[in-house]
Amino acid sequence: MERMKHILVTLLLVSLLPHFAQAAEVKARTDFEGGSATIESIDQATKTIRFTPGGDPARGWACWWYLRVDGVAKDETLTLDLGASNKPTRNDGKLTPNPLAASWAMPDRATFSTDEKTWSHTAPGKRVDKRILYTVTGNGGPLWIAWGPPFTPRDTDKLLDYAIEKSPDSDIFELATTREKRTIKGLHVHESRILNPPVIWVHARQHAWESGASWVARGFTEWLVSEDEDALWLRANAEIFLIPIMDVDNVATGNGGKEADPRDHNRDWAEQPVYPEVAAAQKRLLALAKENRLSLFLDLHNPAPNDRQPFFFVGPEENLTPQAKEYRTKFLAETVTHINGPLPVEKKTRTTGASYHPLVKQISGMWVTANGNPDTVAACLETSWNTPHSTTAGYRTVGKQLGQAVTAYLRQQKK
Ligand SMILES: [Zn+2]
């Protein structure tokens with residue numbers, strides 16, 4: 001009898017085996033640089049992961065998410081069922097009773113990769129109540145899925161190594177060590193042999209979740225170190241500083257950064273900055289202004305979900321010298337000429353005024369205008385993230401076009 005039972009159990013197990021072998025378990029993880037998600041549930045039968053962004057609102061708006069999924073077979077469909085974070089968010093420098101509006105976390109199309117190198121859009125997600133469902137088809141290996149194309153300190157290292165190889169008269173510099181002891185790196189291009197060359201300063205990701213801004217910076221960098229005639233001219237006629245990620249701490253930990261406690265990174269341009277990287281940037285910029293060499297300061301961001309066209313934020317005209325006003329108009333005209341698609345920049349700028357934010361004077365562009373040389377131009381480029389062209393290719397094209405606009409502007413100044 002015992003023997004019979006044993007045979008029956010063995011037969012049962014053998015008959016179930018192929019079944020088990022086929023259905024690998026879907027697993028999601030975020031234990032890597034930039035990873036972020038709170039997993040609510042995983043339905044193994046339908047291959048559906050329910051989750052929300054995982055960020056801590058004390059470290060910025062919880063809209064960024066980025067997860068790795070294993071166990072999706074080739075040609076199998078994975079469904080990502082995304083809800084908004086339910087944690088009360090901070091706004092205008094204070095904790096509010098409400099969570100962040102869901103739209104910030106929910107692009108029409110999510111971004112995915114099978115190798116962490118090539119990032120593609122998913123098909124448009126399906127909005128159901130306050131959630132959105134994206135689908136991705138498996139290839140048998142791991143899948144990485146995110147709010148937008150990720151760009152983390154690892155990508156900064158790769159980009160900077162590429163750049164110094166292409167442009168021998170450039171160095172990787174360390175801007176600062178962050179509050180959490182990470183290093184902020186940038187590229188310093190100093191090929192120019194002219195006396196006191198004008199300086200172009202470009203930085204991205206004061207708001208950690210705005211990953212598209214780093215891709216614009218990458219496009220600018222790749223173009224800058226290329227053999228393109230305008231790029232060669234710019235390198236011969238200007239000194240350039242480029243920082244792909246400013247808020248490295250929140251990027252590395254998968255937090256949103258914007259409206260972080262105690263201070264939003266881009267409201268920290270005060271006498272006593274909280275962030276060592278802001279203090280370090282101020283010190284370098286002041287030294288350049290003292291030499292009367294700070295020509296352009298460009299701060300790269302991603303805007304709101306419904307801003308479907310890139311645009312510039314600039315400070316009020318009344319804060320500018322007549323010369324800076326004229327120069328800014330000329331620079332912005334060049335951006336409209338050059339940033340002409342697939343993500344064309346709006347001709348109309350938006351003004352960072354007192355009504356926009358109580359800490360308006362502590363915004364980087366405002367600080368630079370107040371502390372630059374008399375003809376310094378400061379502007380913040382907001383590149384749309386919620387369009388079919390908000391891809392690595394689209395962002396990189398904007399970066400290249402921004403470089404071309406900078407060159408055209410400086411060529412004009414020379415005349
Ligand atoms: Zn921003």
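Which residue stands opposite Leu-381 in S20? In this model, Leu-300 is the residue opposite Leu-381 in S20. The model is a predicted one, in which local features need pLDDT of at least 70 and side-chain atom pairs count only at pLDDT 80 or more, while totals for chains, interfaces and linings use all residues. Residues are numbered from 1 along each chain as its sequence is written.

The protein chain is assigned domain 1 (24-146) and domain 2 (153-414), with bounds that come from an automatic or database domain assignment. The centres of domain 1 and domain 2, taken over C-alpha atoms, are separated by 29 Å. To the contact, domain 1 gives 26 residues and domain 2 gives 23 residues; two residues are in contact if their C-beta atoms, placed from the backbone, lie within 7 Å. On the side of domain 1 that touches domain 2 there are 9 nonpolar, 11 polar and 6 charged residues. In this classification Ala, Val, Leu, Ile, Met, Phe, Trp, Tyr, Cys and Pro count as nonpolar, Asp, Glu, Lys and Arg as charged, and the others, Gly among them, as polar.

The secondary structure is considered next. Helices (H or I, at least four residues) and strands (E, at least two) are DSSP runs, numbered from the N terminus. Strands of a sheet pair through backbone hydrogen bonds, either parallel or antiparallel. Two strands are taken to pair if DSSP finds at least two bridges between them. An open sheet of 5 strands runs in the order S1-S4-S12-S8-S9, and its pairing is antiparallel. Its edge strands, S1 (27-29) and S9 (120-121), each pair on one side only. Strand S8 (residues 111-113) is joined to S9 by 2 bridges in the antiparallel sense, with Thr-111 opposite His-121 in S9.

Another open sheet has 8 strands in the order S13-S14-S16-S15-S17-S20-S18-S19, with mixed pairing. Here the edge strands, each pairing on one side only, are S13 (170-177) and S19 (350-351). S15 and strand S16 (residues 239-243) are parallel and share 5 bridges; Trp-201 stands opposite Phe-241 in S16. Strand S20 (residues 377-382) pairs in the parallel sense with strand S17 (residues 294-301) over 6 bridges. With strand S18 (residues 311-314), S20 pairs in the antiparallel sense over 3 bridges, and Phe-311 has Glu-382 as its bridge partner in S20.

S20 is largely enclosed by the rest of the structure, because 6 of its 6 residues are buried. A residue is buried if 20 or more other C-beta atoms lie within 10 Å of its own, exposed if 12 or fewer, and partly exposed in between, with C-beta atoms placed from the backbone. Val-377, Ala-379 and Leu-381 point one way from S20, whereas Ala-378, Cys-380 and Glu-382 point the other way, and all are buried.

Two helices were compared with their expected span, which is 1.5 Å times one less than the number of residues. Helix H3 (residues 211-224) has 14 residues and reaches 20 Å from its first C-alpha to its last, close to the 20 Å expected. Since 13 of its 14 residues are buried, H3 is largely enclosed by the rest of the structure. Helix H9 (residues 392-414) has 23 residues that should span 33 Å, and its end C-alpha atoms are 33 Å apart, which agrees. H9 is mostly covered, with 17 of its 23 residues buried.

The largest nonpolar core has 105 residues, and those with the most contacts inside it are Cys-63, Ala-105, Ile-145, Trp-201 and Val-216. At least three residues of this core come from each of domain 1 and domain 2. A nonpolar core is a set of buried Ala, Val, Leu, Ile, Met, Phe, Trp, Tyr and Cys residues joined through C-beta atoms within 7 Å. Not counting residues up to four places away in sequence, Ala-105 touches Pro-53, Cys-63, Trp-65, Leu-82, Ala-84 and Trp-147.

Several loop residues were also examined. Pro-198 lies in the loop between strand S14 (183-189) and strand S15 (199-204), and is buried, with 22 other C-beta atoms within 10 Å. Arg-205, in the loop between S15 and H3, has a positive phi of about 65° although it is not a glycine. A cis peptide bond, with omega about 5°, joins Asp-261 and Pro-262.
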